[in-house]
Amino acid sequence: MDALLLRNPNFTRPNLGKQINLKKPIYGVVFRRPTCTMDATFGSNLGNVPKFPRMNVWNPYKRLGISPDASSEEIWSSRYFLLQQYAGHERSEESIEAAFEKILMATFEQRKKTKFNLKTRLKRKMEESPSWVKNLLSFVEAPAKEVILRRLFLFAFMGGWSIVNSAQGGPAFQVAVSLAACIYFLNEKTQSLARAFILGFGALVGGWICGSFLVPVVPSVLLQPTWTLELLTSLFVYFFMFLACTFLK
């Protein structure tokens, strides 16, 4: 009997695989199928990131979900909303940013065209204007903004000084100082002292005449009792001197 067992050894058990259940405890230990930690870490997160559905839409306005007439606030708010909604998906964020940049560039180009059209229209109007208007405009030039503000401050200061001292005396001194400053600025611009004198005295006379005609029309309710006709006329003179030394060639 022992000899037969040694000749035909049988180490296999046909029902061994069916009898062992890994989920059942064996001696208090539960055996489970091993899982991959990479799948648990990254697989589920990638599946939950939303994808921008209009990623391949060619029109940038339709891609952001706004109309072509949308304001700048609507454009910016749409960008922020979409970036927050699809945060984490790189291609979606790139598509949203690309559409936003296209809209900004289109808006910038439109503004440039509008400014260019305005300049072209003004130039065309000047060309179509009568000859006497062209002759008048040929004597006028627009200086730098800083020059305009400095000279405006000077003559406004002279006007305020005249108003403050209206109860003490007339504005003769302030008018003389303003005339000297006007002639100085005109001489600096024209490089001709004779022309500067002519333009300066012309501004003085023109302002005085206009003030003499316009001041009596102003209602007395708007004027202070100490404001004389001479004072109010000098204000017109300061204004005319400012225009002459600032904008005349």
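Rings of Phe, Tyr and Trp (its six-membered ring) pair if their centres lie within 6.5 Å. The model here is predicted.

Q: How many aromatic pairs does the count come to?
A: The rule looks at the distance between ring centres, with a limit of 6.5 Å. Applied to this predicted model, the rule gives a count of 10 aromatic pairs.

Q: How far is the charged end of Arg-151 from the centre of the ring of Phe-185?
A: The charged end of Arg-151 sits over this ring. Its distance from the centre of Phe-185 is 4.4 Å.

Q: Are α10 and α11 oblique or perpendicular to each other?
A: Helix α10 covers residues 193-214, and helix α11 covers residues 229-247. They pack at an angle of about 140°, with their axes 7 Å apart. Angles of 65 to 115 degrees count as roughly perpendicular, and those over 145 as roughly antiparallel. The two helices are therefore oblique.

Q: How many contacts beyond four places in sequence does the model have for residues 11-46?
A: pLDDT stays under 50 over this stretch. Where pLDDT is low, the predicted coordinates should not be read in detail. For residues 11-46, the number of such contacts in the model is 11.

Key
Residues are numbered from 1 along each chain as its sequence is written. This is a predicted model: local features need pLDDT of at least 70, side-chain atom pairs count only at pLDDT 80 or more; totals for chains, interfaces and linings use all residues. Side-chain values use heavy atoms; hydrogens and water are left out. pLDDT is the predictor's confidence in each residue, from 0 to 100. Contact means heavy atoms within 4.5 Å. Rings of Phe, Tyr and Trp (its six-membered ring) pair if their centres lie within 6.5 Å; planes under 30 degrees apart count as stacked, over 60 as edge-to-face and the rest as tilted. A charge sits over a ring if NZ of Lys or CZ of Arg is within 6 Å of the ring centre and within 35 degrees of the ring normal. Axes are lines fitted to C-alpha atoms, for helices over the stretch in contact, and angles run from 0 to 180 degrees between N-to-C directions. Helices (H or I, at least four residues) and strands (E, at least two) are DSSP runs, numbered from the N terminus. Angles under 35 degrees count as roughly parallel, over 145 as roughly antiparallel, 65 to 115 as roughly perpendicular and the rest as oblique.
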